[in-house]
Amino acid sequence: MLQFLIQRPIGAIMSTIAIVVVSLVFVRDIPVALLPDIPIPNITVQISAPQLDSRTLESTVVRSIRQQLMQVNDLKDISSRTRNGSAIIELQLDFGVNTDLSSIEINEKMDQIMHLLPDELERPRVIKSNISDIPVFYVDIFPRDNEQFSDVDFSNFIKRTVRKRLEQIPQIAFVDMHGFAEAEVVVIPNREIMTAFNIDDQQLRSAIVNANIQLGNIILKDGAYQYNVELSSKLVNKSDIEELFVNINDRVYQLKDIATVYNSQKQRRGAFYFDRHEGISLAVRRKSDANNYELRSAIDTLFKDLALQHPEIEFHLSNDQSNILEVSIENLRTSLLYGLGFAAIIMFVFFRDWRLPLLIIISIPLGLVLTLFGFYLFDISINIISLAGLILGVGLMIDNAIIIIENIKQKNHEMELSLACSEGTNEVIRPLVSSALTTSSVFLPMILLSGLAGVLFYDQAISIALALTCSILVSYFILPVFANLMLNSNRPGGKSIVHRGHAHLIKWLLRYRSILIPIFLLLGFGCFFPFRSIQKSAFPEMTRMDYTLSIDWNEQLSLEENNDRYLHLKDHIAPWIQKATCYLGELQFFLVEEPQHMNESEVILSLNDASDIVHIRENIESLFHRLYPDASYGIVPLSNVFDRIFNQDKYDLFAHLQSTSQVNFPKFEEVETLFSALQSNYDEIKVPPLDRYLGIRINQENLIRYNIDYNMLINRLKFLLRNNEVSQLRGNDEFIPIQISNSLEMNDIGSLMESAQVLNRDRMMIPIQAFVDLAVFQDYKDITSIRSGECLTIPFDKYDEEVVNGIREVVKDHPEYSVQFSGAYFSQLALQNEMKLVGGVVFLLLFLILAAQFESFIQPFIVALTLPVGILGALLALHLTGQSLNIVAIIGIIIMSGIDVNDAILKIDIINNNIKSGMSLNQAIIDGSERRIRPILMTSVTTILAMIPILFSTGLGAELQRPLAVAVIGGLIFGTMASIVMVPMLYRFFYRGESA
C-alpha cells in the first residue's frame, strides 16, 4: 500500500489537498467555547418573600418545599439557606441525570404544594445550573456627570437601550442587571383635609384600586364583521392619578384635592459602584453553542457605536472569562511554533540537510487540520479542555514525524530512496501505533470517572486520541510520499561519533548491569519521597491582579451607611489599586448564587501590582480592627471559570450541628454552652452571624378594648412603614407601583409610633402606641438546613481527623445535639478512590497493549520500570522550582511519560527484530541502541528546547504552562537517561538465559 502511494505521488498529493480542503470547509463550523457544554446536575429553587423574616420564611415556606422536593427522583443531596425575605434550596442530583426532565419534575412538585403556601408568596423560581450560567464578562456602566441623569432615567436607558442591544447579539442568551433604580408613585394624603371630611386611608386605597381596573378584551359582532373591543379604566401616569374622581361618603372628590401625588424612586436595597461612580453592572451570559470570537467581535463593535452615540456615558468590560480561552489558543500557537522551529533546527543540526525541516513543517499542520476535522465529526468544541489535549497531541505529532524521517534516513544508507521510504516507515509504524495506543489508554479511562471530572476528561481524551490517530495517518500515508520527492539518495555512510560513543556506553553498562540495575531501580522508587513532600493543588498558582473582598458589617446598616463605608475603605487602599467595583447590599441579578444582605458588600479590587495584595491585606486589617471590630471579611482571588466549576465546596470540612429534640434549631442563647466548649478546643470556630430584629407585637386585648379592626391596623402600619402598595401604573413596557405613604422618606420608627394614630370602628383616632409594642431581639442571620433538617453549620478550611473526632467527643457530652460532617474533603476522597480504580484500569490496558505487541509478558515490565525514574525527575524539578503538583503538572508528567514509553517501545522493538534476524543477544542490544539513540535524543532535545522559553515568559499563558514545562523538562532529563541506560540492561537481565 505504501509503496503504491510512493510510486504515484501526484495522486497522493492531490488526494491530500482534497481532504485538507474538505476539512477546512467544515472546520469553520466548529464552535469556539470557553468550556465544554457540561450538564451540571444542580438545580436551585429561589424563593422571594420580602414581607417575611428568616424564621417565618423557614417555618412556613422553605421547610414545606424542602420536604416536598426530597421526593425528587435521582436526588443525591438537598440543602437550603434562608435569610430575611429570601431563601435558596439547592438540589444535587446524580451525575448523568437528564436535568431537563428533573427540572420539569421539580416544577410539578412546586405546583402540587403552592396551595399550602401563603397566598401572597410569589411562585418560587426553578433554575437549572449550566456552564452558560457563568457570565462570560461584566459590563460596568456609569454616567460621566451624575447631574445629567436621574437614577430612574439612567436605569431606564440601560434597560431599554444597552441591554436590548446586547441581547440582540446572536451569541448572547441573557443579560442580567444590578444597581438599577425603580420608579414608583407616592400618594401622600393631606391629613387635615381627610380628617375634616372623615376620610380614612382604607377608603382612599379602595378608590384608587377601583379606578384602576382592566376588564380585558370583548368581542363584538357588527354584521359580517367582528371587532375586539378593549374595555379598561387604567392609570398610565401621574396626571391620571391626580385627575382621578373618587366617591367617598357619597361625595365626589378629585384625588389632588385630598392628597399630593409625587413621581418618586422606590426604596433601594442594593447599588453598584465603579470606583466612586454609582452605576449599573450587566452580567452577560452567552449561548452554549456560541462562538467566543464572534461574540467578542460583536461586543467590541457595539461598544464603539455606543461610545460614539452616547459620549456622556462610560462603558467598561470586567472579569472577562474569554481571556482564558484566548490564552489556551495562544498556548497552542506557541507550542506549535516552538515545536516546529526547534524540530527543524535539530533536524538540520543532526543531518545537515535543509529538506528535512521542510518535511516537519509540512506534516504537522496537515495532522492538525485533520484533527480539527475530527473535532467536527465528534461534535467537540474548541475549548480550554480540548485545546489542552490538542497541545499534547501536537508535541507527539512532532515526535512521530522525527522518528519516521530519521529511520528513512537510516534506511537510505542501505537501499534506494523509494524503498527506504517504505521500509523505514513500515519498520517503525507498529511501535508508533503501540505508543499511540498506550498514550490514549492513559486518558480514555479517565472518562469512567464520575461527576464533572469524567465529563471534562472526555473532551481531552477524545482530542488526544484524534491527534494521535491523525498523526499516525499523516506519518504513514503522506510523510513518506513527500520524503521520496524531496530527499536525495545518500551513499552509504559510516557511524557518527554519537553512535560510536553510545556503543561503548552500552557495552560498559551490560558488563556492570548487576550493580547498576539495583541503583536505577532504587532511584526510580525514590519518586515516592518527593511525591509525599511536594505541595498539591487543583491548579497552578497564578499571579492574580484581581481580588474579591467580601464584607459583612454585622450591624444593621442602611444602604447609605454601607456606601459611605465602602468609599472610606476605597480611599484607604487607593495607592495600591487601579480601580474598585462594589456590589452593595442585596443583589438585583436574576440569577444569584450567593445572595447578599443590605449590610453586606462585595468589592472587586484591581491591583497596580500583584505584590500590592500584601499592603492591601495589612491596611484593611488595621482599618477594620480600629473602626469596625464586629465586621467579618475575606479577601480571595477573583474567581475565574476554573474556580467556579472545580471548587464547588469552598471549605474542606463542614460540621453540621443539629438538635435531637426540636424541629427548629435552638436560638444561640440556648446553644451557647455547646459552642463555648467547641471554641475552647478550636480557635478557628467563630460565632455564627447574628441579626438584630425589631419586633412589632400587637396587644390583642387592647385591640379589642379600643374597638380597632385588625386589618385596618395592619394597613395603617404598612402606610407608616412605607410598604403600602395599592396598585400599579400600567405603561407600555413597565408597571410602576402606586404607594400610599405619609412621606417620601423613611422616618424614624420611634417618632412614628409616638405620633401615629389609627381610626377605630367608632371613627375615633386612637394612638398606635396604646396597643403596639416594639422589641429588639437576635436570631441567626442564615438558617441553614441539610437533608435531615435545620442545623448550625461550622466551616473549616482544612480537613483534620483530630478535629472531627474532637467535635464528636464534645457533642457526646451534650446529648440534646448531634453532628454530621460534609465538605470538599469527602468528595475529593471519593474521587481519589475512583482514581485508584481508573489507575488500575490504565495499568492493565498498558500491559495488555504492550504484551500484545511484543508477544511477551516480560517486555511490558521493562517499559514500566523506566517510568519511575522520569517521574522522579519531574517531581524533583517541580519541588526545586517551587511549583505544586496540579492538573497542569500531571499533564506534563503524562507527556513526558508518553515520550519515554515511546522511546522504550522503539528500542525494544528493534532489539526484537535484530534477534529475529539472527543476531546474538548482546549484538542485538548494542545495534538496536545505536540505531535508536539519535531519534531518542532528537525528540527529547526538541521537546525540552520548546519548553525552555515558557520558563522565562510572563503573563497568564506562561503561568498556566509553567508547571507543565517544568515537569516535562525535569522528567525528560531523567527519563531519557533511563530509556538510554535501563532498557538495554533490563532486557539483558530478563533474557540472560539467551545466547549472548
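With which side chain does the side chain of Q46 make a polar contact? The exercises below concern a predicted model.

**Exercise 1. Describe the surroundings of Q46.**

Solution. 
Step 1. Locate the residue: Q46 belongs to strand β1, which spans residues 42–48.
Step 2. Buried means under 20% relative accessible area. Q46 has a relative accessibility of 9%, and therefore counts as buried.
Step 3. Identify the polar partner: the side chain of Q46 makes a polar contact with the side chain of R125, at 2.6 Å.
Step 4. List the remaining neighbours. Leaving aside residues up to four places away in sequence, Q46 touches A87, I88, P124, I127, F590, L591 and V592 as well as R125.

**Exercise 2. Determine whether I47 is buried or exposed, and state which residues it touches.**

Solution. 
Step 1. I47 is also found in strand β1.
Step 2. The relative accessibility of I47 is 3%, so this residue counts as buried.
Step 3. Consider I89, which lies 42 residues from I47 along the chain; the C-alpha atoms of the two are separated by 8.2 Å.
Step 4. With residues up to four places away in sequence not counted, I47 touches L57, V61, V62, I65, G85, S86, A87, I89, L121 and P124.

**Exercise 3. Characterise the nonpolar cores of the chain.**

Solution. 
Step 1. Begin with the chain as a whole: 54% of its 996 residues count as buried.
Step 2. The largest nonpolar core contains 90 residues, and M347, L359, I360 and F375 have the most contacts inside it.
Step 3. Helix α15 (residues 451–486) supplies the largest share of this core, namely 15 residues.
Step 4. A second, separate core comprises 37 residues, including A207, A211, L235 and Y253.
Step 5. Return to M347 and its neighbours. Residues up to four places away in sequence excluded, M347 touches R352, L356, P357, I360, I402, I405 and M938.

**Exercise 4. Classify the packing of α17 with α28.**

Solution. 
Step 1. The axes of helix α17 (residues 513–525) and helix α28 (residues 859–880) come within 7 Å and cross at roughly 55 degrees.
Step 2. The helices α17 and α28 are therefore oblique to each other.
Step 3. Their crossing is left-handed.
Step 4. On α17, the contact is made by F520, L521, L523, G524 and F525; on α28, by L865, P868, V869 and L872.

**Exercise 5. Apply the analysis to two further helix pairs, α29 with α30 and α5 with α10.**

Solution. 
Step 1. For helix α29 (residues 887–916) and helix α30 (residues 921–951), the axes come within 8 Å and cross at roughly 155 degrees.
Step 2. Angles over 145 degrees count as roughly antiparallel; α29 is therefore roughly antiparallel to α30.
Step 3. The crossing of α29 and α30 is right-handed. Among the residues that meet are I899, D903 and L906 in α29, and L921, A924 and I925 in α30.
Step 4. Helix α5 (residues 151–167) and helix α10 (residues 292–309) pack at an angle of about 160 degrees, and their axes are 11 Å apart.
Step 5. It follows that α5 and α10 are roughly antiparallel to each other. Their crossing is right-handed.
Step 6. In this pair, V162, R165 and L166 in α5 meet I299, L302, F303, D305, L306 and Q309 in α10.

Definitions and conventions
Residues numbered from 1 in each chain as written. Predicted model: local features only at pLDDT ≥ 70, side-chain atom pairs only at ≥ 80, totals over all residues. Heavy atoms only, no water. Helix = DSSP H or I, 4+ residues; strand = E, 2+ residues; numbered from the N terminus. Buried < 20%, exposed > 50% of the residue type's maximum accessible area, 1.4 Å probe, protein only. Polar contact = N/O pair within 3.5 Å; in protein donor to acceptor, adjacent residues only side chain to side chain. Contact = heavy atoms within 4.5 Å. Core = buried A, V, L, I, M, F, W, Y, C linked by side-chain atoms within 4.5 Å. Axes fitted to C-alpha atoms, helices over the stretch in contact; angles between N-to-C directions. Parallel < 35°, antiparallel > 145°, perpendicular 65-115°, else oblique. Left-handed = near helix turned anticlockwise from the far one by under 90°.
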